[in-house]
Amino acid sequence: MALPRMQAALALNSIHGRSLLPYSVENLQENPLEQLFIGGRWMAALDGRSLPVINPADGQAFDQIARGAAAEVDMAVKAARSALDGAWGKLTATERGRLLIKLGNSVLDHHAELAALEARDTGKPMTTARNDITVLARYFEFYGSAADKLHGEVIPFLNGHHAVLMREPLGVTGHIIPWNYPAQMLGRTIAPALAAGNAVVLKPAEDTSLSALRVAELATEVGFPDGSINVVTGLGEEAGAALAGHPGIDFISFTGSNEVGTLVQQAAARNAVKCVLELGGKSPQILFEDADIERAVPIIVRAIVQNAGQTCTAGSRLLVQHSIYDRVVEQVAAAYAKVRVGTPAMDLDCGPVMNPAQQARVNRYIAAAKAAGIPLLAEGHIAEGVSPTGHWVTPTFFGPVPRDAQLACEEVFGPVLAAFPFKDEADAIALANGTPYGLLAAVWTENGSRQTRVAKAVKAGQLFINCYGAGGGVELPFGGTKRSGHGREKGFLALEEMSTTKTVIQYHG
Ligand code: NAD
């Protein structure tokens, strides 16, 4: 494909506090993935500016993306509106579903390529990246199959009247996603929106935009009409803010930090636009004295180490009943000490964190806990031979952590686990609910009545009993309570979130 070559030189000296390395576009091939995808066409940012793509495993730039901003967002919103008024809006639900299923199949056909792209972009181990691409395909399959099962209702009403509840698309939907699971996040948010008949504008995270651009390319190949899917890459405070505040959108889904989520909600509110917020978490794993410890320990370690702890649903708090505290902590420490960190190709337990700002943030929490004298229970290992310029952090396990410590209530977003002993069920529930967050929780006990009591009492959008499920589970409605956000994605509830109803009342005599 002959594409206009991007001539943009790097215009920034730093992004989000990270220094950028000198970056040359000399050897880059013409590549649609370095451009914006608007109205079915690839285009450079209007002012030609670009951003480097950094490999977290060595800190080096290996590609570039276009730095879209308000003008390009405006073009994308208009293109989405035209798609709704044109070919995309005329498709039946079955036809939309077929396209989504085709896209899911295309993702599977390109599985190895997409996994390699995602691993390079995020630094995550190849096995994790492969899993993410499988989940991405599942979103398109699930919502493709669901598209023509979303329907209205007939409402019994007065004699001589016929009342129906129609289910309709919202219109143009905006989607802003973070960098931790770029492929999963894009599937999670755009698949239900498209199934429900909306036209989407996606703003991926500036650190990790490549999978979104490649999926847009695949979507064109399988036949998505121009403008049904638009991708505007760029900085959050430019492209992201422009999308959240655009008067032409009808809905915004935001996944990311609490600070930015609040800004997005404020911007949406100025246009009275509905907003779903998927924010942070400080999720507890609650172990009672009758728990199956052997089964629980590897799952507990994985739930925090996975993706280098950069998972909103990371099980970052380990709450253990006094009587088994020493035994559990000893076993978790032994497993933690074996955790290894390395490059995607090494395919170990986890990779580097995303960027130097995140590396500094995680290391600050670790240093503060050490300085406060919180006992260090175990540390994992960074593999030999990794690049010294990669964004490495050492997985660290602390406990017992004082209940008023930073580690007890703030989201680290790194591979740092904090252990807390508790006395009884009431104490466990108070501790579990003792943070501003309410995203996920797990309770480990063989006592069925206790399982139900704790499941009812703990504030969370999802609660697991004798298991834990960060990521995946496309069928399972997901979202936060308290400061973890509001609204639901995944499962059929996402289709309701991303559609609206119209009540039509007819007098027929
Ligand atoms: P972030 O809030 O910094 O960025 C998220 C997205 O928002 C990015 O695309 C960014 O470009 C954009 N953005 C930044 N500033 C913006 C602005 N002013 N206006 C509009 N958009 C803007 O988050 P992050 O650092 O990428 O991700 C980490 C956070 O995301 C963590 O807190 C984590 O818990 C949360 N998260 C939540 C979920 C969930 O489903 N609940 C999933 C993944 C991550």
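This is a short tour of one protein chain, with stops to select in your viewer as you go. Keep in mind that the model is predicted.

**Start with the whole chain**

Zoom out and colour by secondary structure. You'll be looking at 16 helices and 26 strands. The C-alpha trace spans about 75 × 70 × 40 Å along its principal axes. How does the radius of gyration fit with a compact globule? For 509 residues, such a globule would have a value near 23 Å, and the chain has 23 Å, so the two agree.

Of the 509 residues, 59% are buried. Look also at how the chain meets itself: take the contacts between residues at least 6 apart in sequence, and 75% of them join residues at least 24 apart. If you colour by charge, there are 43 positive and 50 negative charges to find, and their mean positions are 4 Å apart.

**Stop 1: Gln-35**

Select Gln-35, in the loop that runs between β2 (18–19) and β3 (36–38). Is Gln-35 buried or exposed? Its relative accessibility is 2%, so Gln-35 counts as buried. A polar atom of the Gln-35 side chain lies 3.3 Å from the backbone nitrogen of Met-43.

**Stop 2: Gly-48**

Move along to Gly-48, which sits in the loop between β4 (41–43) and β5 (50–55). With 22% relative accessibility, Gly-48 counts as partly exposed, because buried would need a value under 20%. Gly-48 and Arg-67 are 19 residues apart along the chain, and 7.8 Å separates their C-alpha atoms.

**Stop 3: Thr-343**

Jump to Thr-343, in the loop between β16 (340–341) and α12 (356–371). Thr-343 has a relative accessible area of 19%, so it's buried. Which residues does Thr-343 touch, once its neighbours within four places in sequence are left aside? Select Ala-57, Val-386 and Trp-392: Thr-343 is in contact with these.

**Stop 4**

- Select Gly-399 and Pro-400. The peptide bond from Gly-399 to Pro-400 is cis, with omega near -5 degrees. You'll find Pro-400 in the loop between β19 (396–398) and α13 (406–409).
- Select Ala-272, in the loop between α9 (258–270) and β13 (274–278). Ala-272 isn't a glycine, but its phi is positive, near 55 degrees.
- Select Asn-466, in the loop between β23 (462–465) and β24 (481–482). Asn-466 isn't a glycine either, and its phi is positive, at about 60 degrees. Is Asn-466 buried or exposed? Its relative accessible area is 15%, so Asn-466 is buried.

How values were computed
Residues numbered from 1 in each chain as written. Predicted model: local features only at pLDDT ≥ 70, side-chain atom pairs only at ≥ 80, totals over all residues. Heavy atoms only, no water. Helix = DSSP H or I, 4+ residues; strand = E, 2+ residues; numbered from the N terminus. Buried < 20%, exposed > 50% of the residue type's maximum accessible area, 1.4 Å probe, protein only. Polar contact = N/O pair within 3.5 Å; in protein donor to acceptor, adjacent residues only side chain to side chain. Rg over C-alpha atoms; globule rule 2.2 N^0.38 Å. Contact = heavy atoms within 4.5 Å. Lys, Arg positive; Asp, Glu negative; His and termini not counted. Charge placed at Lys NZ, Arg CZ, Asp CG, Glu CD.
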